[in-house]
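Here is a short report on a single chain. Look over the sequence and the model before reading on.

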Amino acid sequence: MLEPDLSGEPAWMPIIPPSLLTQENSFISGDPTGNRLRLRYYYDEASTQVIARTWFGPGAEGPPRHAHGGSVAAVLDEAMGMAALYAGHTVVAANISINYLKMVPLETVASAIAQVTRVAGKKIYTEARLVGTNGTVLSRGEGLFITIPFNKIATLAEPE
């Protein structure tokens, strides 16, 4: 298997996800060399968008030779959460909605492009789209995230 090209555009700034997102048990970021999902994050200052260059490997299979819808939803969910985090909001998801427009063939590299669209108190609204290398929009997502103090998120990792 060839190594997927997850490089970004020259104007994009690489983002290193916080350690809470890159734990080895993380469904999305936990196995950066595995056969399920691989992601590399970027920030585009001109558009204020977070971009997750994503590869859907054989371990993400749902329908034969295509990515499972749950893997697509998980990538969009994390990209929207990262957009909120990068905009200064520590959040957890309250509601996400995904519209699947095209099936994603396995071993595809696509870009999950996410941004915050509105802030209303503790509510952070986001949107994202998964775009293939040819520009085709494969899926769209909207999210409602709720701000939560960082120290409260950190305590979730502690054993009870």
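How many residues has H1, and how far does H1 reach from its first C-alpha to its last? H1 has 18 residues and reaches 25 Å. That is close to the 26 Å expected at 1.5 Å a residue, where the expected span is 1.5 Å times one less than the number of residues.

## Basis of the model

This is a predicted model, in which local features need pLDDT of at least 70, side-chain atom pairs count only at pLDDT 80 or more, and totals for chains, interfaces and linings use all residues. Residues are numbered from 1 along each chain as its sequence is written, and side-chain values use heavy atoms, with hydrogens and water left out.

## Fold and surface

The protein chain has two helices and seven strands. Their order from the N terminus is β-β-β-α-β-β-β-β-α. Helices (H or I, at least four residues) and strands (E, at least two) are DSSP runs, numbered from the N terminus.

Of the 160 residues, 43% count as buried. Buried means under 20% relative accessible area, exposed means over 50%, and partly exposed lies in between (1.4 Å probe, protein chains only). The accessible surface of the chain comes to about 8900 Å²; carbon and sulfur atoms hold 52% of that surface. Areas come from the Shrake-Rupley method with a 1.4 Å probe, and for residues only the protein chains shown count as cover. Among contacts with a separation of 6 or more, 64% join residues 24 or more positions apart. A contact means heavy atoms within 4.5 Å.

## Helix H1

H1 is mostly covered. Of its 18 residues, 13 are buried. Just after H1, Gly-88 takes a positive phi of about 100°.

## Aromatic pairs

A search of the whole structure finds two aromatic pairs. Rings of Phe, Tyr and Trp (its six-membered ring) pair if their centres lie within 6.5 Å; planes under 30 degrees apart count as stacked, over 60 as edge-to-face and the rest as tilted. Trp-12 lies in the segment before strand S1 (13-15) and Tyr-42 in strand S2 (residues 37-44), so the pair ties together parts 30 residues apart in sequence. Both Trp-12 and Tyr-42 are buried.

Tyr-43 and Tyr-86 also form a tilted pair, at 4.4 Å centre to centre with 40° between the planes. Tyr-43 is in strand S2 and Tyr-86 in helix H1, so the pair ties together parts 43 residues apart in sequence. Tyr-43 counts as buried at 16% relative accessibility, whereas Tyr-86 is partly exposed at 35%.

## Charges over rings

Which residue lies over the face of Trp-55? Arg-38 does, at 4.7 Å from the ring centre. Arg-118 lies over the face of Tyr-125, at 4.0 Å from the ring centre. A charge sits over a ring if NZ of Lys or CZ of Arg is within 6 Å of the ring centre and within 35 degrees of the ring normal.

Most residues other than glycine have a negative phi. Arg-65 has a positive phi of about 65° although it is not a glycine. Arg-65 sits in the loop between strand S3 (49-56) and helix H1 (69-86). Arg-65 is exposed, with a relative accessible area of 62%.

Glu-107 has a positive phi too, near 65°. Its place is the loop between strand S4 (91-100) and strand S5 (108-120). Glu-107 is partly exposed, at 46% relative accessible area.
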